Amino acid sequence: MSSFSIERLSRPLAKHVRRFGTKVINNVRTTRGNYAKVTSADVQHFKSILGEGNVLTGDQDVQPYNVDWMKYMSGESRTVLKPKTTEDVSAILEYCNDKMIAVCPQAGNTSISGGSVALFDEVVLSMQRMNNIIDFNPLSGVLVCEAGCVLESLMGHVESHGFMMPLDLGSKGSCQIGGNVSTNAGGIRVIRYGTLQGCVLGLEAVTADGSVLDCLNTMRKDNTGYHLKHLFIGSEGTLGVVTKVAILCPILPKHISVAFIGLDSYEKVLKLFSIARQEFAETLSSFELMDNTTITAVEDNLKLGCPIANVHPFYVLIELATSQPNLNRHLENILEKALDDSIITDATTADQTSTINKIWKVRERSIEALMKYGYVYAYDISTPLNCFYDIVELLRDKLKDVADCKAVCGFGHIGDGNLHLNVATREYNKELSGIIEPFVYGWTSECRGSISAEHGIGYIKRNYLERTKNGKALGLMQSLKHTMDPKCILNPYKVIPPSET
Ligand code: ZN
């Protein structure tokens with residue numbers, strides 16, 4: 001299976017204009033908060049907690065921690081701290097809270113909403129050394145591990161026990177479970193296994209003042225008042241730093257079958273989705289959509305062959321997973337009928353691991369293929385399925401005269417109503433960004449969708465949060481932030497809109 005790494009992708013940075021502690025990114029001006037600057041005495045104190053080698057201050061040492069995966073943002077942090085234990089995290093946060101030093105927690109730094117890098121000179125708290133697997137219970141399937149474990153290594157560990165991780169992402173080779181939990185990452189199998197809000201049974205987090213909150217429950221059922229874990233799942237490090245997690249892992253299926261299917265309209269994609277849910281029921285583990293523009297980018301820019309002839313307006317990838325054999329025969333029968341009924345126009349199936357992996361690469365590397373054009377305006381929205389693809393066509397029409405526009409396309413998780421809408425250009429253009437964003441978020445808001453299905457709000461989308469959350473809800477978020485982090489030291493400038501902080 002493919003995985004991304006920060007080094008493999010290169011594209012120009014979004015233009016930043018700095019003036020007296022002010023930055024303009026994506027047409028949004030942000031001024032540095034009234035935080036203390038890190039002094040040499042602070043650095044010495046951090047070294048006394050973590051040891052000399054785990055406090056980075058050199059330009060070249062801190063540089064990789066200052067650029068996000070999509071290269072939307074470049075931070076100016078001068079200090080990267082690498083704790084090994086929860087106690088280290090606690091001591092650092094207690095000190096930073098006392099000194100009014102802003103902190104940017106960072107896991108695998110694969111965020112594409114600009115949530116994982118500092119904006120100004122926040123201290124970066126890298127979780128990469130907290131990578132121990134604490135326990136795996138082969139009876140309950142509950143994994144307990146530290147936040148810095150890389151998702152792919154956790155996959156390997158639980159698979160050796162006959163289990164699987166409930167989430168799978170293109171960035172699995174770099175992303176860390178603490179970041180996955182903090183952003184409530186989704187991925188390609190949410191239709192079958194749900195989101196992390198359901199799979200995470202418990203967690204340990206350190207709050208802004210250094211307090212350790214032990215909610216590391218490993219029971220499936222626990223109705224004991226407020227589920228505090230949910231404050232940290234998806235809050236992107238603004239309420240606390242996740243240090244340990246307990247996750248319920250499903251049984252690894254014995255048989256997997258995959259189909260790659262061509263269709264001539266979006267209406268037929270929905271018909272096929274309805275048939276797939278009825279016929280495959282609980283064995284349906286993915287139902288992914290890609291349009292022709294996406295597949296053409298994968299073919300042209302990555303030289304990956306489309307599993308069927310690239311002549312169809314739409315493509316669907318179906319994955320079935322079960323403990324029962326003969327799954328592939330059933331899949332083929334259903335697809336043959338759909339072909340006879342003119343719902344689909346072409347299809348290929350696979351039940352061998354190497355071919356399955358080859359087919360999945362086409363879907364998993366879609367964003368990487370688009371980034372080869374130069375710059376990608378990437379939107380991650382939830383919409384009702386009946387209008388899921390409308391925004392792609394509307395935006396394509398809106399941008400038809402933009403000379404630099406290389407591709408307007410959509411792919412995503414039909415099963416979850418999650419569209420990845422992308423506009424690829426040779427370079428970033430702030431006027432174009434100013435046209436696309438209000439249009440996309442306005443449309444999403446009108447159809448009562450979500451402006452962030454799975455990537456989080458981060459820095460990039462915080463000014464649009466009110467399109468999804470009403471004033472009362474934003475007010476409650478603000479109250480929670482002030483209660484849990486009154487000095488606002490945790491991941492400032494992220495998630496909550498500037499007027500609400
Ligand atoms: Zn996705």
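User: Which handedness does the crossing of α9 and α11 have?
Analyst: In this predicted model, helix α9 (residues 266–280) packs against helix α11 (residues 327–340) at an angle of about 145 degrees, and their axes are 11 Å apart. On the α9 side the contact is made by L272, I275, E279 and F280, and on the α11 side by H330, L331, I334 and L335. The residues of this contact divide into six nonpolar, one polar and one charged. The crossing of α9 and α11 is right-handed.

User: What spacing along the chain do the donors of the zinc ion follow?
Analyst: The protein donors are H413 and H420, each through NE2, and E454 through OE, at 1.7 to 2.1 Å from the zinc ion. H413 lies in strand β18, whereas E454 lies in the loop between α15 (430–446) and α16 (471–484), so that pair, 41 residues apart, links distant parts of the chain. The spacing of the donors is H-x6-H-x33-E.

User: How much space lies in the largest cavity?
Analyst: The structure holds four cavities of 30 Å³ or more. The lining of the largest cavity comprises 48 residues, with T110, S111, L169, S171 and H455 nearest its centre. The space in the largest cavity is about 840 Å³.

User: Which element gives the most to the lining of the largest cavity?
Analyst: Several elements each supply at least two residues of this lining, among them β6 (103–106), α5 (177–182), β12 (241–248) and α12 (353–364). Strands β17 (375–382), β18 (405–413) and β19 (418–425) also each supply at least two. With four residues, the element that gives the most is α5.

User: How many residues of the lining of the largest cavity are polar?
Analyst: The lining of the largest cavity includes 17 nonpolar and five charged residues. The number of polar residues in that lining is 26.

How values were computed:
Residues numbered from 1 in each chain as written. Predicted model: local features only at pLDDT ≥ 70, side-chain atom pairs only at ≥ 80, totals over all residues. Heavy atoms only, no water. 1 Å grid on protein atoms, 1.4 Å probe; cavity = no way out; pocket = protein on both sides within 12 Å on 5 of 7 lines; lining within 4 Å. Points joined across faces, edges and corners; volume = space filled by probe spheres on them. Nonpolar A, V, L, I, M, F, W, Y, C, P; charged D, E, K, R; others polar. Axes fitted to C-alpha atoms, helices over the stretch in contact; angles between N-to-C directions. Left-handed = near helix turned anticlockwise from the far one by under 90°. Contact = heavy atoms within 4.5 Å. Donors = N, O, S within 2.8 Å, 3.2 Å for Na, K, Ca; no water.
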